[in-house]
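Subject: Structure handover

Hello,

Here is the structure for you to look through.

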Amino acid sequence: TPSFLFTWWLGYYLWFSSMYYQCLAFFPATYNVLLNRARKKTVLLLKITIGLMLLNAAILVAAWFLMKDAPQHKQGSFPWQKDGENGAADSWNIGILSFYLFGPFWALYFVIGAATAFLYDAYRPLERHNARIWGWIADSCTVIILAFSLAHIFQGRTTYKTNPEIEMYMRPGEANQWTDTASVNRIWDAGYARMFCPLTTLWVFALSTGQGFSAKFLAQKFLSETLAPNAYNCFLFHQMVAQWYFAATRPGQFWNWWQYRKTMYWFSPQPCPVEWYEYPLVVGLVVSWSRLMINLEPYLSKAFNYISSLVSKSEEEEEEDTEQVLKGIIEGMTGIEPELDYTLEECGLASIGVPALVTLLNKNFSKGKRQVTVVAADLVSAKTIADMVDIVDSARELADAQGV
């Protein structure tokens, strides 16, 4: 983390991916410990989960009280001016940013999620006679989250130039200052959001039962099957698409966040300055572009693999057994030796692990002129590893039949 001084700002987007791979690295050990020492032990798992949440709270509270009085840059000064107070402010900003980016503090939530998953398996709330209670809990959590969100929105919007006198009643005074770096503002934003971990963990646990209005609403096919697969690409492309939209609708006023002075010298840009009624259109464009990238990716991968095969001119290799190759890839990604009756969740490959698996499958089974194309949507529909083997075999047969 301290090496951020030697990287360009793009590295902060790569940081999100590095956190994902960090969790993959932690997963085998975490899974094995929970499986061998805590499986089916409801009380122990509950203690582990609560203990980790208390550790999270202790880290955040300690960080806030240590950093909340950090010196600020003088109004109108620049970070390269190393005289007096500015030198101290630079050092504090480096320390605060290093804390924010420190990987293990974020991996803590991954471990909490893993422990909660084992807790769900041990307690099995849906199989109990009072299962409907979890619907009420899920809906209550939804109401609380919405209430906090609306409270923040109704505080108003304040910047250097827009309503700087507004008192943000949900922020402490130390995190409500318009100074050059605003590092204390940012550490409050991060810590405050992460303090909601107990609420969001309980929410996900309750939603997993499928009980209540919240679970039924979120389970709609349009949300869970049409929009949900676009989530990661929406994160990757939302700023770029927003800037394109601004440039197209406001000729001569291209919005480039990098050319203006920032409220803080960290990553995460300011919102795209469009009118409120344009928001649905911008969101729709971001989702559409994300979907387009998902649809194009298999063809681009196919083209790159084909070019690679022409360059390498490798000889056709002996056919490999799909089951063994698939098991080997999964074991290499997660450290778990899967069986054919394992589900994706049991292998640790749910959610964003599937795209990586798709890439490795296509790379391993595409040989010479035969380019196998397995898509993420097909793998997500598979219930077990055996189903995935059938999907890959079908893709290989299709590639052979097409003579590609």
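The notes below cover aromatic rings and nonpolar cores.

This is a predicted model, in which local features need pLDDT of at least 70, side-chain atom pairs count only at pLDDT 80 or more, and totals for chains, interfaces and linings use all residues. Residues are numbered from 1 along each chain as its sequence is written, and side-chain values use heavy atoms, with hydrogens and water left out.

Searching the whole structure gives 19 aromatic pairs; rings of Phe, Tyr and Trp (its six-membered ring) pair if their centres lie within 6.5 Å, and planes under 30 degrees apart count as stacked, over 60 as edge-to-face and the rest as tilted. The Phe-27 and Phe-110 rings are an edge-to-face pair, because their centres are 6.3 Å apart and their planes are at 65°. One aromatic cluster is formed by Trp-64, Phe-148, Trp-188, Tyr-192 and Phe-196.

Phe-27 is buried, at 11% relative accessibility, while Phe-110 is partly exposed at 27% (buried means under 20% relative accessible area, exposed over 50%, partly exposed in between, with a 1.4 Å probe and protein chains only).

The largest nonpolar core has 24 residues, and Trp-64, Ile-96, Phe-99, Ile-112 and Ile-187 touch the most other members. Such a core is a set of buried Ala, Val, Leu, Ile, Met, Phe, Trp, Tyr and Cys residues joined through side-chain atoms within 4.5 Å. Apart from this core lies another, of 23 residues, including Leu-344 and Ile-391.

Regards
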